[in-house]
Amino acid sequence: MAQDNSSWVTEFILLGLSDTRELQLLFFMFFLLAYTMVLLGNLLIIVTVRTDPKLSSPMYFLLCNLSFIDICCTSVTTPRVLVALLSGHKAIAFEGCMAQLFFLHFVGSSEMFLLTVMAFDRYTAICRPLHYTAIMARRACWALVAACWAGGFIHSFVQTVLMLQLPFCGPNTIHSYFCDVLPVIRLACADTALTEWLMASNSGLISLGCFLVLVASYALILAKVWARVSQGNWKALSTCASHVMAITLLFMPCIFTYLRPAGTLPTSKYISVIYTILSPMMNPLIYTLRSSEVKESMWRLWKSCRT
């Protein structure tokens, strides 16, 4: 199956979301607005957490890392989409396509692992408050974040190596706005059944496994909160509900996309918009900006910048 790609396909053509010029301009405005919101919202969170000593708890440390990952995840695809929509240049080099695929899965899987760690943090804080400081010490937080990045790198490295083993000698048109496993693997000039199952077991099972762990952890939290309802616990209940909505928005499209071989069901490129644009845009609102502590810190930061 390993053959020389260099004499065959040297670039791919990304068809994007639409061929209609009016819709392309509409998509350009949408992506530009969403990308601006992702950058401004997540950068504001990072600056706020880094500059306010009161936001030094493990929760805000993990939220700061989540904001950084969201910026990276969106930046892998969106800037090139904006250029393509504005200029009409849809070609991407083979090497650039593989690099985009690698970094997308690198930061995407790292985010999934980090969200799992964040759920563990919330479980420990609510269900085992007396042991929270010892369990979620600063050194442990750094180790967990490093493990998330390492797990994302290993996952993405395996995906990319499997893709590089495939020969691409025929069609080079990708029915999407970025390079991803499923639309690219369909262009291979070889029997890809085994590779598809390996990739489905890699990406799909990671998505499903993290999602089930997240659901289980939040179910335990909700059971604990429901057992002793109070004003503070109602706040925890509301927080958990918003977190469940956020992880559903990210994980369900990923599970639907990756937990199956490439040829079993058609893949909608519009579903990809959910986990590449909408989820990073909603995370600051759901995870951080609902916190009164963060809003007070942002207000203090704003007043200090004005003086």
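Which residue is the bridge partner of Leu14 in strand 3? The answer comes in point 2, after a word on the model.

1. **Ground rules.** This is a predicted model, where local features need pLDDT of at least 70, side-chain atom pairs count only at pLDDT 80 or more, and totals for chains, interfaces and linings use all residues. Residues are numbered from 1 along each chain as its sequence is written, and side-chain values use heavy atoms, leaving out hydrogens and water.

2. **The sheet.** Leu14 has Ile174 as its bridge partner in strand 3. Strand 1 (residues 11-14) and strand 3 run parallel and are joined by 2 bridges. Strands here are DSSP runs of E, at least two residues long, and helices are runs of H or I with at least four, both numbered from the N terminus; two strands pair if DSSP finds at least two bridges between them. The sheet is open, with 3 strands in the order 2-1-3 and mixed pairing. Its edge strands, each pairing on one side only, are strand 2 (91-93) and strand 3 (173-174). As a reminder, strands of a sheet pair through backbone hydrogen bonds, either parallel or antiparallel.

3. **A helix on the sheet.** Helix 3 (residues 94-127) packs on this sheet and touches strand 1, strand 2 and strand 3. The direction of helix 3 makes about 85 degrees with that of strand 2. Axes are lines fitted to C-alpha atoms, for helices over the stretch in contact, and angles run from 0 to 180 degrees between N-to-C directions. Contact means heavy atoms within 4.5 Å.

4. **Helix 1 against helix 10.** The axes of helix 1 (residues 21-51) and helix 10 (residues 292-306) come within 10 Å and cross at roughly 85 degrees. That makes helix 1 roughly perpendicular to helix 10 (65 to 115 degrees; under 35 is roughly parallel, over 145 roughly antiparallel and the rest oblique). Helix 1 contributes Leu44, Ile45, Val47, Thr48 and Thr51 to the contact, and helix 10 contributes Val294, Ser297, Met298 and Leu301. These residues divide into 6 nonpolar, 3 polar and no charged. Here Ala, Val, Leu, Ile, Met, Phe, Trp, Tyr, Cys and Pro count as nonpolar, Asp, Glu, Lys and Arg as charged, and the others, Gly among them, as polar.

5. **The second largest pocket.** Its volume is about 250 Å³. Among its 14 lining residues, Val49, Arg50, Phe61, Cys64 and Arg138 are the closest to the centre. Helix 1, helix 2 (58-87) and helix 5 (138-164) are the elements giving two or more residues to this lining, and helix 2 has the largest share, 4 residues. The lining divides into 8 nonpolar, 3 polar and 3 charged residues. On a 1 Å grid over the protein atoms alone, a pocket is an open set of points with protein on both sides within 12 Å along at least five of seven lines, a cavity is a set where a 1.4 Å probe fits but cannot get out, and lining residues have an atom within 4 Å of a point. Points are joined across faces, edges and corners, and a volume is the space filled by probe spheres set on them.

6. **The largest cavity.** The structure holds 3 cavities of 30 Å³ or more, and about 190 Å³ of space lies in the largest cavity. Of its 16 lining residues, Gly108, Ser109, Met112, Cys254 and Tyr258 lie nearest its centre. Helix 3 gives the most to this lining, with 6 residues.
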